[in-house]
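Me: Hi! I am new to protein structures and would like to learn how to read one step by step. Could you take me through this one?

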Amino acid sequence: MSETARGRNQDRARVAGGQDHEVRYEANKEHVSKDNVKSATKSVGNSRDKVEDELDRKD
C-alpha cells in the first residue's frame, strides 16, 4: 500500500512522540532535549507547528 502525497504531507505536520527518530529530529532542529519535545507534545498535542511554538515559548 503506497502513501499518497496528501498522507505524507499530513504525516509531516505531526510529531509522533512515541517514535524516537521523530523526537530526536525535532529536538535537534529546535536545539532542545528529547524530553522537552515529549513534554511539549503531551502539553499541546502532536501538531508540529504547535509543538514548535511551545518549544519557542519555553526559551
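What follows is a conversation about the helices, the core and the loops of this chain.

Reply: Happy to! This is a predicted model, in which local features need pLDDT of at least 70 and side-chain atom pairs count only at pLDDT 80 or more, while totals for chains, interfaces and linings use all residues. Residues are numbered from 1 along each chain as its sequence is written, and side-chain values use heavy atoms, with hydrogens and water left out.

Me: How many helices and strands does the chain have?

Reply: Start with how they are assigned: helices (H or I, at least four residues) and strands (E, at least two) are DSSP runs, numbered from the N terminus. Here there are four helices and zero strands, so the pattern along the sequence reads α-α-α-α. The C-alpha atoms fill a box of roughly 40 × 20 × 20 Å, taken along the principal axes.

Me: What share of the residues counts as buried?

Reply: Buried means under 20% relative accessible area, exposed means over 50%, and partly exposed is in between (1.4 Å probe, protein chains only). Of the 59 residues in this chain, 27% are buried.

Me: Which residues make up the largest nonpolar core?

Reply: A nonpolar core is a set of buried Ala, Val, Leu, Ile, Met, Phe, Trp, Tyr and Cys residues joined through side-chain atoms within 4.5 Å. The largest one here has eight residues: Val15, Val23, Ala27, Val32, Val37, Ala40, Val51 and Leu55. Two or more of its residues come from each of α2 (20-30), α3 (34-44) and α4 (48-58). To look around one member, take Val32: leaving out residues up to four places away in sequence, Val32 touches Ala27, Val37 and Leu55. Contact here means heavy atoms within 4.5 Å.

Me: Which residues of α3 are buried, and what covers them?

Reply: In α3 the buried residues are Val37, Ala40 and Thr41. Their arc is only 100°, which puts them on the same side of α3. Among what covers them are α2 and α4.

Me: How do the axes of α3 and α4 cross?

Reply: Axes are lines fitted to C-alpha atoms, for helices over the stretch in contact, and angles run from 0 to 180 degrees between N-to-C directions. The axes of α3 and α4 come within 9 Å and cross at roughly 120°. The residues of this contact divide into five nonpolar, four polar and three charged. For that count, Ala, Val, Leu, Ile, Met, Phe, Trp, Tyr, Cys and Pro are nonpolar, Asp, Glu, Lys and Arg are charged, and the others, Gly among them, are polar. On the α3 side the contact includes Val37 and Ala40, and on the α4 side it includes Val51 and Leu55.

Me: Where is His31, and is it buried or exposed?

Reply: A loop residue can be read by its place, its backbone angle and its accessibility. His31 is in the loop between α2 and α3 and is exposed, with a relative accessible area of 73%. His31 has a positive phi of about 60° although it is not a glycine. Just after α3, Gly45 also has a positive phi, of about 100°.

Terms used
The arc is that of the directions from the helix axis to the C-beta atoms.
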